[in-house]
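The following exercises concern one protein structure.

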Amino acid sequence: MLTALIASTVALGLATAANLVLTFAVIRRMRTLEEGGTGAPDALPAVGTAVTGFSAVTTYGEELTVADVAAGDAFAGFVMVGCTPCGTLIESLAGGAATGADDPLFFVVGDPEDPETRRMTAALDAVGRVAVVAEKSPATEAFGRIGAFPTLLRLKDGVIAAAGHDLADVVPAAARRAGADRPAPVRETV
């Protein structure tokens, strides 16, 4: 009888320990989600992924589609409101950092009516074409399911040639130096 009681106590102790481990794992996952993380902070679209069909409207009313990246070299950047590294990236771009592309595209994940979204789009408008999109939008899906921010992509003929979270990850050094002297594009309102 004593042996059965000891075995039951050990089994109950093991079950309790397993329950605690699982509970703490759930708590850790919930904290990650609450902080806006995806659980995979470095997740990037795979090099070689072809951009699929999408449509987004720029802050100037132009429609962006897969045709804008389908031929030649292109650059696409995805930033999110409230993302500190995104703010740092935008400051460097506004300060003259080059993307290596003549007409870079930027997708700001946020609410178009939010003042912070407007501030981000205004800063990026001086650098390239900007569209405000939702986090799960046709644009974020078309570029390989963007889920981490910032995500920067160098594209060649509609296919991702380089992906990273920093300009140095996707823009060749020669293009960064050459682009520093290039004037910013001028946008006219429609």
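**Exercise 1: The disulfide**

In this predicted model, Cys-83 and Cys-86 form a disulfide, with their sulfur atoms 2.4 Å apart.

Task: Determine how many disulfides the whole structure holds, what handedness the link of Cys-83 and Cys-86 has, and whether Cys-83 is buried or exposed.

Solution. 
1. A search of the whole structure finds 1 disulfide. The sulfur atoms of Cys-83 and Cys-86 are 2.4 Å apart, and the cut-off for a disulfide is within 2.5 Å.
2. The angle about the S-S bond is 75 degrees, and the link of Cys-83 and Cys-86 is right-handed.
3. Buried means under 20% relative accessible area. Cys-83 has a relative accessible area of 15% and is therefore buried.
4. Cys-86 has a relative accessible area of 0%, so Cys-86 is buried.

**Exercise 2: The packing of two helices**

Task: Describe how helix 2 (residues 84-94) and helix 3 (residues 115-125) pack, and state which residues make the contact.

Solution. 
1. Two packed helices are described by the angle between their axes and the distance between the axes.
2. For helix 2 and helix 3, the angle is about 30 degrees and the axes are 9 Å apart.
3. Helix 2 is therefore roughly parallel to helix 3, since angles under 35 degrees count as roughly parallel.
4. The crossing in which helix 2 passes helix 3 is left-handed.
5. Helix 2 contributes Cys-86, Ile-90 and Leu-93 to the contact, and helix 3 contributes Met-120, Ala-123 and Leu-124.
6. By type, the residues of this contact of helix 2 with helix 3 comprise 6 nonpolar, no polar and no charged.

Terms used: Residues are numbered from 1 along each chain as its sequence is written. This is a predicted model: local features need pLDDT of at least 70, side-chain atom pairs count only at pLDDT 80 or more; totals for chains, interfaces and linings use all residues. Side-chain values use heavy atoms; hydrogens and water are left out. Axes are lines fitted to C-alpha atoms, for helices over the stretch in contact, and angles run from 0 to 180 degrees between N-to-C directions. Helices (H or I, at least four residues) and strands (E, at least two) are DSSP runs, numbered from the N terminus. Angles under 35 degrees count as roughly parallel, over 145 as roughly antiparallel, 65 to 115 as roughly perpendicular and the rest as oblique. A crossing is left-handed if the near helix is turned anticlockwise from the far one by less than a right angle, and right-handed if clockwise. Contact means heavy atoms within 4.5 Å. Ala, Val, Leu, Ile, Met, Phe, Trp, Tyr, Cys and Pro count as nonpolar, Asp, Glu, Lys and Arg as charged, and the others, Gly among them, as polar. Buried means under 20% relative accessible area, exposed over 50%, partly exposed in between (1.4 Å probe, protein chains only).
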